[in-house]
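Here are my notes for your first read-through. Keep the model open and take the points in order.

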Amino acid sequence: MQTPDWMARGQRHIWQPYAQMKTATPPLPVVRSHGSRLELADGRQLIDGVASWWTACHGYNHPHIAQALRAQLEAMPHVMFGGLTHEPALTLARRLADLLGPGLDRVFYTDSGSVAVEVAMKMAVQFWLNQGERGRSRFVAFRGGYHGDTFGTMAVCDPDEGMHSLFRGMLAEHDIVDLPRDEDAMARLDAFLESRGPQLAGILVEPLVQGAGGMLLHDAQVLRRLRQLADRHGLLLIFDEIFTGFGRTGTMFAFEQAGVRPDIITLSKALTGGTLPLAATVASNRVFDAFWSDEPAHALMHGPTFMGNAMACAAANASLDLFEAEPRLAQAQALSGALAAGLAPCRQLPWVRDVRVLGAIGVVELDGVRDREALKRRLVEAGVWVRPFGNVVYLTPALTIAPDELDTLMGAVVAVLRAQRP
């Protein structure tokens with residue numbers, strides 16, 4: 001494709017994410033988005049199979065969110081949240097608390113998922129400090145997990161399979177263990193927690209799906225075991241629902257499928273319907289009460305400059321309107337069946353290790369990928385935007401994707417993987 005002038009002039013000044021800039025294929029110039037489609041500078045349209053890293057749950061350019069943003073921009077795009085407040089942020093906090101259910105009542109806003117997890121970890125450590133317990137600074141997290149790219153969150157990602165092994169030795173030390181998928185594993189984790197004792201602040205897990213660590217699934221019983229163990233050992237349980245929240249697994253939040261509740265939950269990605277950066281760390285009353293004090297030192301000393309941004313909160317409120325007014329959860333559940341059927345032919349390919357589906361998440365795990373850039377290029381040539389990572393080709397489309405677009409998307413994945421070994 002012919003490179004547009006703005007890209008030719010600007011690309012040499014940009015540092016792309018997750019890319020070796022010397023060898024990576026140049027990014028595709030997008031000029032418009034609508035629904036589940038991206039329009040490129042040369043006029044081609046791609047069906048987006050990953051909804052911009054799972055954020056655009058209602059598709060792109062939904063008119064209700066666009067109108068909310070226009071109205072908020074005219075009234076007040078942003079004011080600092082330190083010492084000031086505004087209606088969109090408080091309304092959103094109340095609505096999130098209502099959705100999450102009794103006990104998860106205190107919302108702390110940040111700008112990204114990584115920082116939301118950082119704040120959750122900071123809350124958990126200070127929860128113990130405010131009660132006079134020092135030394136509780138370690139977390140238990142799980143192999144295959146991913147929680148962000150900041151130094152604090154890199155330290156609780158999978159240390160071997162994750163992307164941050166380069167920084168080993170610079171990161172805080174935490175305990176990365178196996179998920180308790182059965183009673184034997186639960187007994188081992190129980191004994192491990194007992195041995196660590198007063199060093200631990202909490203347990204951190206992605207409910208039902210370990211996303212960027214490999215799109216690995218586990219059942220709801222794992223979450224019930226973790227809740228039981230956290231209670232037995234007096235630890236805080238943190239659910240990282242940055243990927244799974246807002247309908248992606250078929251329920252509004254993944255933890256609802258387990259019938260247990262965390263002490264802290266982190267939310268981001270689809271929170272604003274894929275329009276603006278916003279994240280939330282929501283704490284239980286038990287956690288918040290440890291900070292409710294006459295002692296200034298007991299306050300949570302954290303506050304991003306754009307915390308509670310009014311436009312982002314307006315977009316999030318508009319997104320929640322759509323979950324109330326339109327059948328998003330039913331659409332996610334329907335996508336589950338469609339993805340299972342549409343990706344099933346991949347099971348017959350000798351280089352496919354597994355095909356798995358949960359809610360609006362479809363995953364084809366390969367036994368290896370020799371040339372990921374070539375695989376992405378062939379998918380683009382087939383008319384779809386899919387961004388494989390590791391050994392997985394995954395689909396996380398907008399919950400509103402049209403049936404014919406979904407068929408095209410799945411058909412392209414099957415055809416490209418069938419045509420030649422990746």
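Predicted model: local features only at pLDDT ≥ 70, side-chain atom pairs only at ≥ 80, totals over all residues.

1. Why look at K269? An unreviewed UniProt entry annotates K269 as "modified residue: N6-(pyridoxal phosphate)lysine". That label comes from the record. As for its place, K269 sits in the loop that runs between β11 (264–267) and β12 (279–284). Its relative accessibility is 25%, so K269 counts as partly exposed. The cut-off for buried is under 20%.

2. W54 belongs to helix α2, residues 51–54. Is W54 buried or exposed? W54 is buried, because its relative accessible area is 7%. Check its backbone too: phi of W54 is near 75°, a positive value in a residue other than glycine.

3. Y18 also deserves a look. Phi of Y18 is near 50°, which is again positive in a residue other than glycine. Y18 is found in the loop between α1 (5–10) and β1 (30–34). With 43% relative accessibility, Y18 counts as partly exposed.

4. Next, helix packing. Two packed helices are described by the angle between their axes and the distance between the axes. Take helix α4 (residues 87–100) and helix α10 (residues 310–325): their axes come within 8 Å and cross at roughly 40°. That angle makes α4 oblique to α10. The crossing of α4 and α10 is left-handed.

5. What meets what between α4 and α10? From α4 come P88, A89, T91, L92, R95, L96 and L99. From α10 come A310, C313, A314, A316, N317, L320, D321 and E324. The residues of this contact between α4 and α10 divide into 10 nonpolar, two polar and three charged.

6. Finish with a second pair. Helix α11 (residues 328–343) packs on helix α13 (residues 403–419) at an angle of about 30°, and their axes are 9 Å apart. The crossing of α11 and α13 is right-handed. On the α11 side, the contact is made by L335, A338, L339, G342 and L343. On the α13 side, the residues are L406, M410, V413 and V414. How do the residues of the contact of α11 with α13 divide? There are eight nonpolar, one polar and no charged.

Technical notes:
Residues numbered from 1 in each chain as written. Heavy atoms only, no water. UniProt positions renumbered as here; feature names shortened; annotations may be inferred. Helix = DSSP H or I, 4+ residues; strand = E, 2+ residues; numbered from the N terminus. Buried < 20%, exposed > 50% of the residue type's maximum accessible area, 1.4 Å probe, protein only. Axes fitted to C-alpha atoms, helices over the stretch in contact; angles between N-to-C directions. Parallel < 35°, antiparallel > 145°, perpendicular 65-115°, else oblique. Left-handed = near helix turned anticlockwise from the far one by under 90°. Contact = heavy atoms within 4.5 Å. Nonpolar A, V, L, I, M, F, W, Y, C, P; charged D, E, K, R; others polar.
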